[in-house]
Amino acid sequence: MRYLMTTKPSDVAPDENLYVEMARFVEELTASGVLLATGGLEPGGIRVTSAGDEITVTDGPFAEAKEAVAGFALVEVRSKEEAVELARRFRRIVGDGESVIQQVFGP
């Protein structure tokens, strides 16, 4: 089962220890084959909306930037519970904040 795990931005500035712990976590998940992809996302982005035949393209940043996704990890695990445990481990490393886990369907 594949899951997309996303996290929202935080007001807390990362310290050196955070980088060390995250590098260790990412290395462990990569070595075990669980982590398929990970990365940070630019805060602005481009919004594309449609209404009937009209397509609107809007450059960010947007007013609710704190609601945006700051980073992601695509993981392959055996169960939803395993994905939740990975998210728990991630939150323990990075501290207070919010992450979302969504199952990825398809080939």
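Is leucine 4 buried, partly exposed or exposed? The model shown is a predicted one. In it, leucine 4 has a relative accessibility of 27%. Buried would require a value under 20% and exposed a value over 50%, so leucine 4 counts as partly exposed.

Leucine 4 belongs to strand S1, which covers residues 2-7. Strand S1 has pairing partners. One is strand S5 (residues 71-76), which runs antiparallel to S1 and is joined to it by six bridges. In this pairing, leucine 4 stands opposite leucine 74 of S5. Another partner is strand S6 (residues 99-104), again antiparallel to S1 and again with six bridges. Here tyrosine 3 is the residue that stands opposite glutamine 103 of S6.

The surroundings of leucine 4 can be read against these pairings. Setting aside residues within four places in sequence, leucine 4 is in contact with Phe72, Ala73, Leu74, Val100, Ile101, Gln102 and Val104. Glutamine 103 is 99 residues away from leucine 4 along the chain, yet their C-alpha atoms are separated by 6.3 Å. In a regular strand, side chains alternate between the two faces of the sheet.

Methionine 22 touches Phe90, Ile93 and Val94, when residues up to four places away in sequence are not counted.

Which helix holds arginine 91? Arginine 91 lies in helix H2, residues 80-94. Arginine 91 is buried but has no salt bridge, and the nearest side chain of opposite charge, that of aspartate 96, is 6.8 Å away. The backbone of aspartate 96 is another matter: its oxygen lies 3.0 Å from a polar atom of the arginine 91 side chain. Beyond four places in sequence, arginine 91 touches Thr7, Asp96, Gly97, Glu98 and Ser99.

How many salt bridges does a search of the whole structure find? The search finds four. One of them joins the side chains of glutamate 98 and lysine 8, with an N to O distance of 3.3 Å. Glutamate 98 is in the loop between H2 and S6, while lysine 8 is in the loop between S1 and H1, so this pair ties together parts 90 residues apart in sequence. Glutamate 98 has a relative accessible area of 41% and is therefore partly exposed.

A further salt bridge is formed by the side chains of arginine 89 and glutamate 28, at 2.8 Å from N to O. This pair links distant parts of the chain, since arginine 89 is in helix H2 and glutamate 28 in helix H1, 61 residues apart. Arginine 89, at 26% relative accessibility, counts as partly exposed, and glutamate 28 is partly exposed with a relative accessible area of 40%.

Glutamate 82 and arginine 78 also form a salt bridge, in which the closest N and O atoms are 3.6 Å apart. Glutamate 82 counts as partly exposed because its relative accessibility is 21%, whereas arginine 78 is exposed, with a relative accessible area of 72%.

Conventions
Residues numbered from 1 in each chain as written. Predicted model: local features only at pLDDT ≥ 70, side-chain atom pairs only at ≥ 80, totals over all residues. Heavy atoms only, no water. Helix = DSSP H or I, 4+ residues; strand = E, 2+ residues; numbered from the N terminus. Buried < 20%, exposed > 50% of the residue type's maximum accessible area, 1.4 Å probe, protein only. Contact = heavy atoms within 4.5 Å. Lys, Arg positive; Asp, Glu negative; His and termini not counted. Polar contact = N/O pair within 3.5 Å; in protein donor to acceptor, adjacent residues only side chain to side chain. Pairing = 2+ DSSP bridges.
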